[in-house]
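Here is a short briefing to read alongside the structure.

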Amino acid sequence: GESVVVVGAGQAGCQVAVSLREQGHRGPITLIGDEQAAPYQRPPLTKDYLAGQTDLAGLVLRQDSYYGDNGIELVRGERVVGVDRQARVAVLGCARTVSYEHLVFATGARPRTLPIPGAEHVLNLRTVADADAIRRKLDGRTGLDVVVIGGGFIGLEFAAVVRKLRHEVTVVETQPQVMQRAVSAETARHLTNRHRSEGVQVLTGTGVAAVREGLVELTDGTVLVADLVVAGIGVVPNTEVAQRAGLAVDDGIVVDAHLRTADQRVHAVGDCARFASTLTGGLTRLESVQNATDQAATVASAILGGAEPYTALPWFWSDQYDLKLQIAGLTDGHDRAVTVGDPAEGRFSVFCFKDDRLVGVEACNRPIDFLMGRRILEAGNALTPEIVASPGFDLRTSRQ
Ligand code: FAD
């Protein structure tokens with residue numbers, strides 16, 4: 001079989017190796033990651049891991065023995081610094097070279113840094129090392145003043161856990177609402193209210209001007225006391241190695257609907273990939289476990305000669321307090337939203353439409369709506385706003 005080099009050993013990279021073996025690939029596989037830990041899942045970093053309810057062994061995607069048993073060479077703590085596409089070799093920081101017939105970029109993304117004075121006092125949360133550094137700061141204490149910069153998924157999940165650990169938490173968000181681009185106004189409002197009712201201070205429409213030892217200065221002049229400052233203000237895809245190798249890069253490594261670059265021997269998957277989406281009709285970059293896993297499986301089959309484009313329906317989840325938010329489809333850019341259920345009870349779903357077509361469902365503690373929403377979206381079914389808004393509408397009983 002042909003040799004495959006996977007650059008980046010996170011959710012997507014690990015899955016490329018796993019899927020290749022599961023689909024019968026016989027050639028050598030080298031999985032190269034610059035983190036010390038074996039490939040692991042990131043979602044628990046803002047959930048159970050941060051709360052101290054699971055350890056690294058509970059995060060890893062495969063046991064250590066899996067790699068050797070399946071003929072996968074896992075190289076940890078080493079960066080790929082260059083790719084020579086003519087010679088077909090990947091060059092590691094230690095100067096080792098690994099030749100390939102197929103190379104997959106699965107380099108993920110890194111936290112965006114704040115362009116403000118004192119940014120060096122701000123911690124990020126992307127890796128297990130980041131989570132450990134934050135846990136050391138919290139150190140089993142209570143009542144610390146914690147400032148969270150950014151009211152996105154990571155900021156809000158982090159805020160919920162740290163609040164449960166009985167710290168004083170303030171979330172600072174520059175947009176007029178939290179999760180501005182990620183969810184509908186209804187869902188955002190509900191989450192904001194829930195955080196406030198838990199005692200988290202949520203400040204919207206406010207930026208951070210500077211951070212100093214123990215203090216955070218906001219753009220409106222407010223000064224917050226802070227024992228710990230953590231930012232979740234989005235990520236930047238890791239595209240530098242691909243760019244230096246002469247591949248097209250535009251907020252992600254640009255690939256076609258088959259996740260292939262202009263070089264047919266080179267693919268990109270997961271958070272680092274900007275792909276031609278059959279769903280949106282444009283170039284899209286997604287950041288989710290579903291996307292990383294499904295894209296990896298698509299590329300594994302492409303390497304083995306398959307010709308299927310990537311068409312999986314995106315889905316996502318977030319846990320905050322006892323709220324389980326599950327999102328099917330892409331609700332970004334919807335022009336109409338219909339809420340069913342009871343937001344006051346914390347059990348509701350928001351059906352999002354664009355040009356009268358269902359584009360996504362945000363289910364809050366309504367897992368059936370999420371599952372049914374996924375099915376309807378996958379089938380390309382036209383559920384209209386009128387049907388959803390009609391009295392007694394229930395996905396469990398309606399024949400879609
Ligand atoms: P990554 O997992 O980032 O892996 C890329 C790896 O490549 C990294 O280890 C990186 O260090 C390494 N690398 C980069 N460049 C090189 C190089 N040149 N050489 C060698 N190695 C390199 N998604 C959900 O769906 N649900 C959730 O609830 C959720 N919660 C999350 C919570 C947190 C705190 C975070 C950070 C993310 C969360 N996500 C969630 C997003 C999800 O984890 C990511 O979308 C997913 O990890 C992407 O996988 P990836 O393999 O593309 O990138």
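Which residues does Leu114 touch, not counting residues up to four places away in sequence? They are Ala119, Val122, Ile149, Val208, Ala231 and Ile233. Please keep in mind that this is a predicted model.

**Leu114 and its surroundings**
- You will find Leu114 in the loop between β8 (109-111) and α4 (128-138).
- Leu114 counts as buried because it has 20 C-beta neighbours inside 10 Å, and 20 is the number from which a residue is called buried.
- One of its contacts, Val208, is 94 residues apart from Leu114 along the chain, yet their C-alpha atoms are separated by 8.9 Å.

**Domains**
- The protein is split into domain 1 (4-110 + 236-303), domain 2 (113-231) and domain 3 (322-389).
- Taken over C-alpha atoms, the centres of domain 2 and domain 3 lie 28 Å apart.
- Between these two, seven residues of domain 2 are in contact with twelve residues of domain 3.
- On the side of domain 2 that touches domain 3, one residue is nonpolar, three are polar and three are charged.
- An unreviewed UniProt entry lists residues 3-296 as "domain: FAD/NAD(P)-binding".
- Over residues 3-296 the chain is 24% helix and 26% strand, with its end C-alpha atoms 16 Å apart.

**The shell around the ligand**
- There are 37 residues around the ligand, and those that come nearest are Gly8, Gly10, Ala12, Gly108 and Gly270.
- By type, the shell divides into 17 nonpolar, 13 polar and seven charged residues.
- Domain 1 and domain 2 each give at least three residues to this shell.
- Looking at individual elements, α1 (11-22), α8 (289-303) and β21 each supply at least two shell residues.

**Helix α5**
- Helix α5 (residues 153-164) has twelve residues and spans 17 Å from its first C-alpha to its last, close to the 16 Å expected at 1.5 Å a residue.
- How many of the twelve residues of α5 are buried? Ten are, so the helix is mostly covered.
- Among the buried residues of α5 are Phe153, Ile154, Leu156, Glu157 and Phe158.
- The buried residues of α5 pack against β9 (145-149), β10 (168-173), α6 (185-197), β15 (228-231) and β21 (315-320).
- After α5 comes Arg166, which has a positive phi, near 70 degrees.

Notes
Residues numbered from 1 in each chain as written. Predicted model: local features only at pLDDT ≥ 70, side-chain atom pairs only at ≥ 80, totals over all residues. UniProt positions renumbered as here; feature names shortened; annotations may be inferred. Helix = DSSP H or I, 4+ residues; strand = E, 2+ residues; numbered from the N terminus. Expected span 1.5 Å × (residues − 1). Domains from an automatic or database assignment. Nonpolar A, V, L, I, M, F, W, Y, C, P; charged D, E, K, R; others polar. Near = placed C-beta within 6 Å.
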